[in-house]
Structures are given as structure tokens and as C-alpha cells.
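Open the model in your viewer and keep the selection tool at hand. We will go stop by stop.

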Amino acid sequence: MPPSPFPTYLQMRERVPPRVWSAARVVGLLVAAAVIAALFVDPPLGLFLFWGLIVPALPLLFFLAPGLWRNVCPMATLNQTPRLFGFTRALTMPKWFREYGFVIGVALFLVIVPARRIIFDDNGPALGLLIVVCLAAAFAGGVLLKGKSGWCSTMCPLLPVQRLYGQTPFLTVRNAHCRPCVGCVKNCYDFNPAAAYMADLYDTDPHRSGYRKFFAAVFPGLIIAFYTVDASLTRTALAIYAQFASVLLLSAGLFYALTIFLKVTAIKITTVYAAAALVLYYWFSLPLTADRVGGTFGVSIPMEIVWVSQGAIAALATLWILRTIRKETPYVEQAIAPKPARVASGETLARLRAAPEPASRP
Amino acid sequence: MGGASSFFPYPVPSGDERPDDLIFMPERSPAQWDRLLAFVERRGFHAGEDVIKRGDTDRALYIVVEGNLEARVTEGRAGKGAAVPVPPGSVIGEIGFFDGMARSATVTAVTDGAMLRLSFEAFQALAESEPDLAQAMLFDLGRILAIRLRQTDEFIRGWIG
């Protein structure tokens, strides 16, 4: 029997022992604490660590092995701590949060990214405070709501990026948090990473799929805006947000025009947009990161290394587009495959099971 | 139709999942089931066996009573067609039972088990001796197919945006 192209985490092999994940989470928390401390005590160092090293690595990690991040992310660790130590209230999400949790995450992301240019790129204590607030919110979500529904699988501002980039991981890492699964959210990424994004995009609720399409539509625009909008000190925050919004609208306008004129399924356009966002991000950020890292360590990183890295990422993104689009057919095949009807109750089944052999029949 | 829920078989129901189980003849009494059982034959199967093959023209309805199987509608690329779990209690073969055309899926046993087979000839005999029961059965299979058609329509509407 060939393996399913959409294995759930319960069907994946556990390659890394739980205690290794636990140790990695402790290390993750310590790194987060050290970065926060640096942001307050030695802001230039903290800003370099966060914006110069950690953040540039995350999109590629979400693209290559998103499960790895989801298993060790400090926000996820704090979110799951109440469950681990048995003091979560494990409530089911209220209806409004079920509907708008993801939208809140998208909104937070769209507010925070432009705010980098206004304050967080240069102000260590402000960034430290933002990280502390996010960690505290993740923890509070874990105290109140069951599973990962209080943060990681709903309103985490990084979730929209993880779901978009992580839909066809090159390395699938088994979810190491949820023991057992409590079925807390619909189309859970951690339960079935390869199917989660398509399931959202093809959801029969047009709002649910619409929120995901909207994020994919504006994401490349957000990256272009981030690296091109003039955010000099003389400009107001409102002017900066307005300029971001105009680029986002252009990006979304092109997306919706393409969906109308190209006559292809939505997943093809969201996939190309996601890959474009990744390539654009590293097109802009790699030279800056090379400068920043080189400057900090007093070395000059040759531009050839940057170009080769950008080329490698573009090649990887192209391969990813092909892999993502190729799994659409098996997804649809399985989604429309008829689920068998069944007889009603255990009692009826027991009666059928005990049916006499044909020879004894009238 | 399995829909997205076939990719997310949570051990416990999700808070925002709708129950989508299709129950076959939920209103029938034990006595009516016993009357139906007089027309079926029991068939055992072994793990790895194809109990129904796509393209075959056997016009029978099956109820799985023991063991687990998997249904594959297509072979898919690289031999990885999507598999739908067929647990005990499942009713399978209804499309071919109605239209008498080739089987639309291959159903393969994952474990050893057994199922009840109602051949088309046996159903005709049932319809002669128990017309009310046969009518109820046909209406219920029709209801199940209608629900699936609606679900497929919904999915396709979502798919084409």
C-alpha cells in the first residue's frame, strides 16, 4: 500500500526523542531571555541578534522545515507550558475567536512590520517590550484555551507566514507538542502539515479561504513596501502606514486580477505569490544582512556569496512551486473521494457481525 | 465525500467541525435488520486483498462487519492515489449497485476481516418479499448519494473560487 502524500503527525515516525525536544525548548527560552536582556541592557547587540541573525533565518526555516520552528518556538513553549504542568483551563474557543483568530494574527503582522521602520528596528527596549508582550500573550492563551488554540494555531502573528511558506515542507518534522491531540482547531497545521493550507483554501466557508487568500495577496507587497518605503524621521507614522497600504493594495489588486484572468485554481496563484514573497525578501535582505554581519565581525562578505545565495533561494522557490502545485490533484482526489456511509450504532454492527452463515439461512 | 475532514481525523471532535457521518438506515428496527440479513452472504477477506476492484462490474452492496479497509478512487501519480479509510460498519459499493456500471474505486483490506454482501439478485428477491424494507433501503441510499452530491457541489464552488 503506497504511503499517503498527506500523512498526519500520528502517522509520521518519531525521529527525535521527546526529551531532546524538551531540551531544545529550554534552550529556545534561554536564547529568547538573553535576546530580551540584551535589548534592554545593550540595545545595539540585541538589535543585531534579533534583526541581523534570528529574523533573517526564520522565513527560510518556515520554508524548509516549519515543524522544527513550531516545536521549539519560545512562544509555543510558553503557550504549551500550562498544559504540560496541568494548570490550563482548556476552554474551547468562543465562536468569534474561532472566526477571527487568524484575522487578528494577520492584522498584528500587518501592523508590526511597518512599525519596525517607525520604532522597532532601532529601539531596543521597545522591541524587547514587544517580544515580552507576545510571549505573555502566548502564555495567557495557553492558560485559557485548550491545545494550541490560544495562540500558535490562531492569533500568532507569525502563523500566516508559517502556513503560507510551510505548505510543502522540504523536511517534515513531526509535531512534538500535542500529546494527545485535543482537536482544538480546524485544519490544524501541526496535525497535517501537507494538507492544512489547501484545506483552508478549499474550505466551503468563503470567509475562511478568503482570509488566507488576502494574506497571500498582500504579502509580497508588504515586503516590497518594507524595503522601499521612505521612513525617515521627518515623516509621520500615519504617512508611513498609508504608503505601506498603497503598496499592499497594488499587490492585492494584481492578485485578484490574476485570479480573474488566469483561469487557474487559487492555490496556483497563492503558491506563486508565496514563492515571490520569499525570493523578494532575500533579494532585499541578504545584502543588508551580509553588510550587518560583516560590519559586526569586521570582515567583508563578498557579493558573490550573496548572489549565489539569492540564486539558490530562487531555485528552491521554483522547486517548491512545482512540488506544491503537484500535490493539488491528490488533495482534490482525496477531498472528493466519497466517505463511506455506515450503519448506526454499535448494537446494529454487533447484530450484523453475528449474522448466521449462508448455509444456515432459509 | 470525505472533504477536508478526511485529512484531519482528530482523535476527538474539533470544536468547529460539523458531524459529517452518513448513517445508513438509522430508523430501522432490529427485526428489520434481521429480515435484511436473511438475504446477505458473509464473505471473509485477508489483509492486502482487493475486495472490490476499480473497473469490475459486480453489482453488489457490502457492509463491513469486521476489519479495516481502504478505498482508492484513482491510482494517482506515482501510484499514490488518495486512500479513504473504510472502518467496520461502513457501507460500500452503492454507486455500482445503483447504476450497474464498472466499480469506481478499488477497496483493499488493511487487516483481516469480514463483510456482508447483498447481491443485486438478492436485493430483487428482498424487494419481492419485503417491499417496504427494500423501498426504505433505496430511499436511504438515495439520500446518502444526494448529500454527497451537495457536498461535492460545495467543494467545487470553493475550488473554483
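**Stop 1: a helix and its cover**

Select helix H2 (43-64) and helix H11 (266-297) of chain A: both are among the elements that cover the buried residues of H12(A). This is a predicted model.

Which residues of H12(A) are buried? Colour A:Ile313, A:Ala317, A:Trp320 and A:Thr324. Look at how such positions are spaced. An α-helix has 3.6 residues a turn, so residues three or four places apart point the same way.

**Stop 2: a lysine in H11**

Stay in chain A and pick A:Lys268, which lies in helix H11. Is A:Lys268 buried or partly exposed? It counts as partly exposed because it has 16 C-beta neighbours inside 10 Å, and a buried residue needs 20 or more. Next, draw a distance from A:Lys268 to A:Gly210, C-alpha to C-alpha. The two are 58 residues apart along the chain, and the separation is 15 Å.

**Stop 3: H9 against H10**

Two packed helices are described by the angle between their axes and the distance between the axes. Select H9 (residues 206-228) and H10 (residues 237-261) of chain A. Their axes are 7 Å apart, at an angle of about 135°. H9(A) and H10(A) are therefore oblique to each other. Their crossing is right-handed.

Show the side chains at the contact. On H9(A), those to pick include A:Phe214, A:Val218, A:Leu222 and A:Ile224. On H10(A), they include A:Phe244, A:Val247, A:Phe255 and A:Tyr256. How do the residues of this contact of H9(A) with H10(A) divide? There are 14 nonpolar, three polar and no charged.

**Stop 4: H1 against H6**

Move to H1 (residues 18-41) and H6 (residues 124-144) of chain A. These helices pack at about 150°, with axes 7 Å apart. H1(A) passes H6(A) in a left-handed crossing. H1(A) brings A:Ala32, A:Ile36, A:Leu39 and A:Phe40 to the contact. From H6(A), pick A:Gly124, A:Pro125, A:Leu127, A:Gly128, A:Ile131, A:Val132 and A:Leu135. This contact of H1(A) with H6(A) holds nine nonpolar residues, two polar and no charged.

Keep H1(A) on screen. It has 24 residues and reaches 34 Å, first C-alpha to last. Its buried residues are A:Trp21, A:Arg25, A:Ala32, A:Val35, A:Ile36 and A:Leu39. What covers them?

**Stop 5: over to chain B**

Chain B has four helices and nine strands. Trace the elements from the N terminus: β-α-β-β-β-β-β-β-α-β-β-α-α. Of its 161 residues, 37% count as buried. Among contacts in chain B with a separation of 6 or more, 77% join residues 24 or more positions apart.

**Stop 6: a buried valine**

Select B:Val86, in strand E6 (residues 83-86) of chain B. B:Val86 is buried because 28 other C-beta atoms lie within 10 Å. Show chain A again. B:Val86 touches A:Pro340, and its other contacts include B:Val64, B:Leu69, B:Ile92 and B:Val107. Last, draw the C-alpha distance from B:Val86 to B:Asp50. They are 36 residues apart along the chain and separated by 13 Å.

How values were computed: Residues numbered from 1 in each chain as written. Chains lettered and ligands numbered in written order. Predicted model: local features only at pLDDT ≥ 70, side-chain atom pairs only at ≥ 80, totals over all residues. Helix = DSSP H or I, 4+ residues; strand = E, 2+ residues; numbered from the N terminus. Buried ≥ 20, exposed ≤ 12 C-beta atoms within 10 Å, placed from the backbone. Contact = placed C-beta atoms within 7 Å. Axes fitted to C-alpha atoms, helices over the stretch in contact; angles between N-to-C directions. Parallel < 35°, antiparallel > 145°, perpendicular 65-115°, else oblique. Left-handed = near helix turned anticlockwise from the far one by under 90°. Nonpolar A, V, L, I, M, F, W, Y, C, P; charged D, E, K, R; others polar. Expected span 1.5 Å × (residues − 1).
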